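Q: Could you walk me through this model before I start picking at it myself? I would like the overall layout, then the packing inside, then the charged groups.

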Amino acid sequence: MGEKFIYLLFTDTGTNLAKAIHFFTKQSLNHVSIGFDEDLQRLYSFGRKRPKNPFIGGFVQEDIHSDFLKNAACAVYRFTVSEEEREQILQHIERIECDKDRYRYNFIGLIGILLQIEINRKCAFFCSQFVATVLNDVEHFQLKKPTCFVTPEDIRSHEGMQLIYKGRLGDYPYRNKTAMCDSKEEAQVMSSYIIYSHMNEQ
């Protein structure tokens, strides 16, 4: 089996919740998402479902082009996994996504981290707990604490994490890669259509 990359996006959106988490953890970039492509088009986490409402949360597929995220401070890391492990992670996330209406954001779990009380709730995660859970079967990603205690910093500082970008998410150099490819394909189709139409006119 060949080697593959997964991508971890760490962000600070500057929201009141982010500020509160920073106050208690003394850590920056307190939100983490997991992706499977360099352009971060497939990006999953547990967070707010409505950008303006921090109290409605759960499983989300995040859009790095949104106004909520594009101005966020961020760091993007990649981590090497086997092809089989990558597929297992994808399948785990897909199972959660298929049942996403049952899942909630684990606000109580954040209190558990603060008080160091192990709180495991059925169908509820906070962002780093979700990422740690779907990475649990990766051979080279083993954390020495229960997933309910895992913080974004625990994931970011794990051996093997490779930093590929740090700065404003809107300036991430690979964020428009898919859009550029789509535009190129559209241009090629249009050029073929023009040539075809011109030939038929002759």
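The chat below goes through the fold, the cores, the rings and the charged side chains in turn.

Q: What should I keep in mind about the source and the numbering?
A: This is a predicted model, so local features need pLDDT of at least 70 and side-chain atom pairs count only at pLDDT 80 or more, whereas totals for chains, interfaces and linings use all residues. Residues are numbered from 1 along each chain as its sequence is written, and side-chain values use heavy atoms, with hydrogens and water left out.

Q: What share of the contacts join residues at least 24 apart?
A: Among contacts between residues at least 6 apart in sequence, 66% join residues at least 24 apart, a contact being heavy atoms within 4.5 Å.

Q: Moving inside, which residues touch the most other members of the largest nonpolar core?
A: Leu 8, Ile 34 and Phe 130 do, in a core of 35 residues; a nonpolar core is a set of buried Ala, Val, Leu, Ile, Met, Phe, Trp, Tyr and Cys residues joined through side-chain atoms within 4.5 Å. The elements that give two or more residues to this core are strands E1 (3-12), E2 (31-35), E3 (43-50) and E5 (73-82), together with helices H3 (83-98) and H5 (127-134). H5 gives the most, with five residues.

Q: What does Phe 130 touch?
A: Leaving aside its neighbours within four places in sequence, Phe 130 is in contact with Ile 34, Tyr 44, Ser 45, Phe 46, Phe 59, Ile 93, Ile 96 and Phe 125. Apart from this core lies another, of eleven residues, among them Leu 40, Leu 69, Cys 74 and Tyr 172.

Q: How many aromatic pairs are there, then?
A: A search of the whole structure finds 15 aromatic pairs, and rings of Phe, Tyr and Trp (its six-membered ring) pair if their centres lie within 6.5 Å, with planes under 30 degrees apart counted as stacked, over 60 as edge-to-face and the rest as tilted. The rings of Phe 59 and Phe 130 have their centres 6.1 Å apart and their planes at 80 degrees, so this pair is edge-to-face. The pair links distant parts of the chain, with Phe 59 in strand E4 (residues 53-61) and Phe 130 in helix H5, 71 residues apart.

Q: Which residues do ring pairs link into a cluster?
A: Ring pairs link Phe 36, Tyr 44, Phe 46, Phe 59, Tyr 103, Phe 125 and Phe 130 into a cluster.

Q: On to charges: how many salt bridges does the search find?
A: The search finds six salt bridges in the whole structure, each a side-chain nitrogen of Lys or Arg within 4 Å of a carboxyl oxygen of Asp or Glu. One of them joins Asp 67 and Lys 70 at 3.2 Å, N to O; these residues are three apart in helix H2 (residues 67-70), so they are separated by about one helical turn. Asp 67 is exposed, at 61%, while Lys 70 is partly exposed, at 27%.

Q: Which ring does Arg 78 sit over?
A: The charged end of Arg 78 sits over the ring of Phe 5, 4.1 Å from its centre; the criterion is NZ of Lys or CZ of Arg within 6 Å of the ring centre and within 35 degrees of the ring normal.

Terms used
Helix = DSSP H or I, 4+ residues; strand = E, 2+ residues; numbered from the N terminus. Buried < 20%, exposed > 50% of the residue type's maximum accessible area, 1.4 Å probe, protein only.
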